[in-house]
Amino acid sequence: MPSKFSKRPVNQVFPLFNGKRTVPSVAGLKQLLEYHGVDLQKETLEQLWAYHQLLREHNKDQDLTRLNAFETIVERHYADCTLINAYVPEWPKRMIDVGSGAGFPGIPLKLVNPDIRLTLCEPRPNRIEFLNLVIQELGLKGIDVFGHKVTSRSLTFPVQGVISRAFELIELTLPRIQKALVPGGRAYFMKGPAVKDELATLHPEDYGFKLVSKHFYRIPRSTQDRALVILEKEQE
Ligand SMILES: C[S@@+](CC[C@H](N)C(=O)[O-])C[C@H]1O[C@@H](n2cnc3c(N)ncnc32)[C@H](O)[C@@H]1O
């Protein structure tokens, strides 16, 4: 599990491979992901590389991510959004990603779990355009974009799972997804370590949810602490 890996000093940003920067390439992507404990199949790596190239190409004028260095993008976006598989033995078949932004965690999650039927929910026009482009260019199936804000009324289709990363307080998201999530459906919140404070005052039962599990871990060989909180909607 991630926690067994040693910590990296905070100021040592690129300790890999004798201090050398990694050349952005599919081989470099593989090397960096493996360094952070993620082993992907060749086809998945190639799809992730194609996504990365689109992200870089469109980042300047579409404000998609504030991260720049290849190593940092791999660590904080791609490794982060694929390592969560370790904590979820089986994902729900029909899911939404609320507040997808440039596609996190939705796109990497879909690439490593192609069977999930996923809707990326994102209201900002430039990001909607980018997400649709990614789906088209990568030829992805079973994924679409809901180009509106998720509110308690806007989602009109039932889902079995909801995921979000770096979005908002859990207590603000629960009322938004309450109607769309089927009883027994699960909500996955990708958070930082500060979620401990949030959990101290959260009463999921007020929204018809119960806590299933919480996982605190570090992206292997990084300084990045993460948490995954899993809630389940109670039967009505
Ligand atoms: C901080 S960004 C996080 C993006 C992405 N999840 C990530 O981890 O990089 C939050 C995103 O949520 C979107 N957003 C804001 N309110 C929303 C709502 N009610 N429903 C869906 N998306 C929303 C914003 O447009 C923005 O792209």
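Helix 2 bends by about 25° at Arg-56, the bend being the angle between axes fitted to the seven residues ending there and the seven starting there. Helices (H or I, at least four residues) and strands (E, at least two) are DSSP runs numbered from the N terminus. The model is predicted, so local features need pLDDT of at least 70 and side-chain atom pairs count only at pLDDT 80 or more, while totals for chains, interfaces and linings use all residues. Residues are numbered from 1 along each chain as its sequence is written, and side-chain values use heavy atoms, without hydrogens and water.

Helix 2 covers residues 42-62. Its 21 residues should span 30 Å at 1.5 Å a residue, and the end C-alpha atoms are 29 Å apart, which agrees; the expected span is 1.5 Å times one less than the number of residues. Among its buried residues are Trp-49, Tyr-51, His-52 and Leu-55, where buried means under 20% relative accessible area, exposed over 50% and partly exposed in between (1.4 Å probe, protein chains only). What covers the buried residues includes helix 1 (26-35), helix 3 (70-83), helix 4 (106-112) and helix 5 (125-138).

The seven strands form an open sheet in the order 3-2-1-4-5-7-6, with mixed pairing; two strands pair if DSSP finds at least two bridges between them. Strand 3 (143-146) and strand 6 (209-218) are the edge strands, each pairing on one side only. Strand 1 (residues 94-98) pairs with strand 4 (residues 159-165) in the parallel sense over three bridges, and Met-95 stands opposite Gly-161 in strand 4. Helix 3 packs on the sheet, touching strand 4, strand 5 (181-191) and strand 7 (225-233), and its direction makes about 150° with that of strand 4. Axes are lines fitted to C-alpha atoms, for helices over the stretch in contact (heavy atoms within 4.5 Å), and angles run from 0 to 180 degrees between N-to-C directions.

Two further backbone features lie in loops. The peptide bond from Phe-104 to Pro-105 is cis, with omega near 5°; Pro-105 is found between strand 1 and helix 4. Ala-166, between strand 4 and helix 6 (170-177), has a positive phi near 50° and is exposed, with a relative accessible area of 71%.
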